[in-house]
Amino acid sequence: IGFANCRDPDVCIVANISLVGNGGCDDAANKRSCDWDGGDCCAETCVSGSVSCGFNGDGSAVIGFLRCLDPAYEPTPANASCIVEDQSALGNGYCNTRNNTNYNTALCGWDGGDCCNATCVNTATASCGRVNGTIIGYPQCLDPNVCIAADVSVVGNGFCDNSTNKRSCDWDGGDCCAETCQSDTTSTCGYNADGSAIIGFEQCRDPAYEPTSADETCIVPDPSALGNGYCNTRNNTFYNTALCDWDGGDCCASTCVSTPAHLCGDSASNVSIGFPNCNDPDVCLAADPSIVGNGFCDNSTNKRSCDWDGGDCCAATCVSSANFSCGFNADKTAVTGFLRCLDPDHEPTAAGETCIVEDQFALGNGYCNTLNNTGYNTALCNWDGGDCCAATCESTDTQECGFSATNVSIGFANCRDPDVCIVANISLVGNGGCDDAANKRSCDWDGGDCCAETCVSGSVSCGFNGDGSAVIGFLRCLD
């Protein structure tokens, strides 16, 4: 019966083993278990035998190595993996495209460069771009690294041309990015073709381009108008942009500096208009600047440009004032805490620093405070200083853990601490038997009972059910 049931993925199974390593690429054996047909399908590993490498079975046609699947194969120079009928035809000045397309491919260096104007070199037998003396140009130029343009003079002329704004043309010779563009006598960087309008550098696609200072990327008709005290917004919007540093700061009260020619906040006709066109995202815009940093968290200024309300919304940065107390509402009648803290740089330290309650001495006094004010039993207040969970509560002279204010035993029904193990029977944790109720992080995955490596037999044998009558294994291991 042979080996019809052979399933070992490391064993090469083919109808004819002699085809492996014979020089011809066989799809059936082009797999890992057959060492990628004994190397027949990749140029670097193929050794000609009954079939010539890179040719079909009867040697009548070149097929190359397009079916090379070996992940460890790394092609070396293009010629090392280029299989053509006539190697001397590569780089002879004539672009070979008829009958056999293997010449004009990446593997063959695009026919040794013969098919593109920028890479072709004339020889004694052929002239580039000609066939039998007739000029045909380079219609078969396929090399992606060669710049193909109807008019090569547009590359690097100072005007951004979409047709040559690509990698092979060095991003139009740098014309489309502020840092690389150079104006010439016909075109000005950042302007349209006839120089009548500013277009900027929005078409900059060069992935290596990194804008430096704003001045290098700011293109305006009159650079002297930047930072002159007057906010330029009409007709030309390029002044009041990030690239131009928001008109040199002229459009915002906190960044504008008056000059002899213009007073900040005035119109061109010297009428006070304020700063309605302030677009700088780093400038704090508040109807009343005095609310910033006053000890009360205001939503309108709780943003990056206002330094998160001057720090009022986070416990570690808030400073109380004569009129407002940190963590309280405006009239100081209720605790609001710091739930609106949005500052991404804020890192709460000890719980006491971020815990705002009416009576700090009630934290950790043995009594779980939950009525009226829920601010005590929160993560910020370390779950009422540990008072609400059996594992963290410590009785005091005035209060016993697990009892109400009237000395009635109530247990720990309000235990919310996610790091405390809460189960009906704590003795089941670490007893050798895997209990689903305790198979969670806070119970150290049932004290290790559910995983083979951490389980220690006790009242129950590891890997068995509760009465030891059946093996259940460790399929419920969640650690």
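Q: How many aromatic pairs does a search of the whole structure find?
A: The search finds one aromatic pair. The model is predicted: local features need pLDDT of at least 70, side-chain atom pairs count only at pLDDT 80 or more, and totals for chains, interfaces and linings use all residues. Residues are numbered from 1 along each chain as its sequence is written, and side-chain values use heavy atoms, with hydrogens and water left out.

Q: What makes Phe296 and Phe324 an aromatic pair, and why is it called stacked?
A: Rings of Phe, Tyr and Trp (its six-membered ring) pair if their centres lie within 6.5 Å; planes under 30 degrees apart count as stacked, over 60 as edge-to-face and the rest as tilted. Phe296 and Phe324 sit 5.6 Å apart, centre to centre, with 25° between the planes. Therefore they pair, and the pair is stacked.

Q: Where in the chain do Phe296 and Phe324 lie?
A: Phe296 is in the loop between α5 (245-248) and α6 (307-310), and Phe324 is in the loop between α6 and α7. They are 28 residues apart, so the pair links distant parts of the chain. Helices (H or I, at least four residues) and strands (E, at least two) are DSSP runs, numbered from the N terminus.

Q: Why is Asp312 called buried?
A: Buried means under 20% relative accessible area, exposed over 50%, partly exposed in between (1.4 Å probe, protein chains only). Asp312 has 2% relative accessibility, so it counts as buried. Both Phe296 and Phe324 are buried too.

Q: Which backbone nitrogens lie 2.9 Å from a polar atom of the Asp312 side chain?
A: That of Asn294 lies at 2.9 Å. That of Gly295 also lies at 2.9 Å. Asp312 itself is in the loop between α6 and α7.

Q: Why is Ala124 called exposed?
A: Ala124 has 88% relative accessibility, so it counts as exposed. Ala124 is found in the loop between α2 (109-112) and β1 (130-131).

Q: How do you know that Asp384 has no salt bridge?
A: A salt bridge is a side-chain nitrogen of Lys or Arg within 4 Å of a carboxyl oxygen of Asp or Glu. For Asp384, the nearest side chain of opposite charge is Arg416, 10 Å away. Lys and Arg count as positive and Asp and Glu as negative; His and the chain ends are not counted. Asp384 is buried yet has no salt bridge. Asp384 lies in helix α8 (residues 382-385).

Key: A polar contact is a pair of N or O atoms within 3.5 Å; within protein, one must be able to donate a hydrogen and the other to accept it, and residues adjacent in sequence count only if both atoms are side-chain atoms.
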